[in-house]
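Here is a chain to go through by question and answer.

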Amino acid sequence: MKNSHSTTPDAKATLRNIKLFQCLDDESCEQIANLIKWKHYQQGTEVVPYKGDSDDVYFIATGQVRVTNFSFTGKEVSYQELGPGEMFGELSAIDQLPRTANVLALENSYIGVISSSNYWKLIERY
């Protein structure tokens, strides 16, 4: 199973654990929770493909991901691991260019996804 959409029973509490949202009040977190789609990614599942054209932004609630890229010779190079409370994907939301890295779930992970347009609305508002 690649991934599945679901909603968290307490999205507001989940957002409190994401570094970007920790300074916001309950009302703001509740409004943001309505913009985020939560997905479960099983261990080994690709979350974001290299050169993919999506521009969504991702927030890790649980689990861990590995960010990799490819050398000029085509060898995959791992350069970052991210865990709960961290985010990724914001570069494509900003520059609207294809993904510059591949992101793979290292363990079963619960990850929030927000569209780039909603991400920009959050930046403007908060």
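Q: What makes strands S3 and S8 a pair?
A: This is a predicted model. In it, two bridges join S3 (residues 46–48) to S8 (residues 102–105). Pairing requires at least two bridges, so S3 and S8 count as paired. The two strands run antiparallel, and Glu46 stands opposite Leu104 in S8.

Q: How do you know that S5 and S8 pair?
A: S5 and S8 are joined over four bridges in the antiparallel sense. The requirement is at least two, so the pairing holds.

Q: Which strands pair with S9, and what are the grounds?
A: Strand S2 (residues 37–41) is joined to S9 by five bridges, and S4 is also joined to S9 by five bridges. At least two are needed, so both count as pairs. Each runs antiparallel to S9. Ile111 in S9 is the bridge partner of Lys39 and is also the bridge partner of Ile60.

Q: Why is S9 called mostly covered?
A: Six of its six residues are buried, which means that each has under 20% relative accessible area. One side carries Ser109, Ile111 and Val113, the other Tyr110, Gly112 and Ile114, and both faces are covered.

Q: What puts the buried residues of H4 on the same side?
A: The residues concerned are Ser116, Asn118, Tyr119 and Leu122. They cover an arc of only 160° around the axis, so they lie on the same side of H4. On the other side, Lys121, Glu124 and Arg125 are exposed. The cover over the buried residues includes H2, S4, strand S7 (87–88), helix H3 (90–95) and S9.

Q: Why are Arg16 and Asp26 called a salt bridge?
A: Their side chains meet at 2.6 Å, N to O. The limit is 4 Å, so the pair qualifies.

Q: Are Arg16 and Asp26 buried or exposed, or in between?
A: Arg16 has a relative accessible area of 25%, and Asp26 has 43% relative accessibility. Buried means under 20% and exposed over 50%, so both are partly exposed.

Q: What makes Glu81 and Arg66 a salt bridge?
A: The side chains meet at 2.8 Å, N to O, and the limit is 4 Å, so this pair qualifies too. Glu81 is in strand S6 (residues 76–82) and Arg66 in strand S5 (residues 65–70), 15 residues apart, so the pair links distant parts of the chain. Glu81, at 39% relative accessibility, is partly exposed, as is Arg66 at 28%.

Q: How many salt bridges does the whole structure hold?
A: A search of the whole structure finds two.

Q: Which residues touch the most other members of the largest nonpolar core?
A: The core has 18 residues, and those with the most contacts to other members are Leu15, Phe21, Ile32, Ile36, Trp38, Phe59 and Ile114. H1, H2, strand S4 (57–62), strand S9 (109–114) and helix H4 (116–125) each supply at least two residues of this core. Beyond its neighbours within four places in sequence, Leu15 is in contact with Phe21, Cys29, Ile32, Ala33, Ile36 and Trp38. Another core, of 14 residues, lies apart from it and includes Val48, Phe88, Val103 and Val113.

Methods. Residues are numbered from 1 along each chain as its sequence is written. This is a predicted model: local features need pLDDT of at least 70, side-chain atom pairs count only at pLDDT 80 or more; totals for chains, interfaces and linings use all residues. Side-chain values use heavy atoms; hydrogens and water are left out. Buried means under 20% relative accessible area, exposed over 50%, partly exposed in between (1.4 Å probe, protein chains only). A nonpolar core is a set of buried Ala, Val, Leu, Ile, Met, Phe, Trp, Tyr and Cys residues joined through side-chain atoms within 4.5 Å. Contact means heavy atoms within 4.5 Å. The arc is that of the directions from the helix axis to the C-beta atoms.
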